[in-house]
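The following exercises are to be worked with the sequence and the coordinates at hand. Each task is followed by a stepwise solution.

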Amino acid sequence: MRSLPRSMRSSWGGTPSNWFSASPNGHTARKLVVVLTSRPLDIPDNLAGRVETMSGDPHAITDALAARGYRHLYIDGGVTVQRFLDAALIDRMIISRLPVVIGAGIPLFGPTSGDIWMKHVSTRSFAGGLVQSEYALGDEDNAKNEAPEK
């Protein structure tokens, strides 16, 4: 049994740029930002204690954070998401889409070790065209059993 519930959602949402500002309920955010990197990173003095670096295997990273009492993680970044997906450490995924067709670039998901089955949880749309769909990750049988018939 895992000691760390797997999640891609932060507890109150937001974006990296506002994690250190006031949260929507008016409280000061106290989120730790962990930058996954294998290179040294200079952390500004005003972010000391709120930003740190880690590297290594996704299981080792989640175990270390769980030992410190962290229960929910927001995982972001293409290769990082792939590594945590392959390690089966993500149980919820929110995929955001913008109304722009990009002619070239990096695919949303690169190669994974196998198919990843998801069950649709909800979809929200925002002014300006942003659409976010939330999915629960699970096994193929559950995804197929709960999928609507065509």
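A residue is called buried under 20% relative accessible area, exposed over 50%, and partly exposed in between (1.4 Å probe, protein chains only). The model is predicted, so that local features need pLDDT of at least 70 and side-chain atom pairs pLDDT 80 or more, while totals for chains, interfaces and linings use all residues. Residues are numbered from 1 along each chain as its sequence is written, and side-chain values use heavy atoms, without hydrogens and water.

**Exercise 1.** Determine whether Val-100 is buried or exposed, and where it is placed.

Solution. Step 1: Val-100 lies in the loop between S3 and S4; strands are DSSP runs (E, at least two residues) numbered from the N terminus. Step 2: Val-100 counts as exposed because its relative accessibility is 57%.

**Exercise 2.** State the order of the strands in the open sheet, and identify its edges.

Solution. Step 1: The order is S3-S5-S4, with antiparallel pairing; two strands pair if DSSP finds at least two bridges between them. Step 2: S3 (92-97) and S4 are the edge strands, each pairing on one side only.

Technical notes: Helix = DSSP H or I, 4+ residues; strand = E, 2+ residues; numbered from the N terminus.
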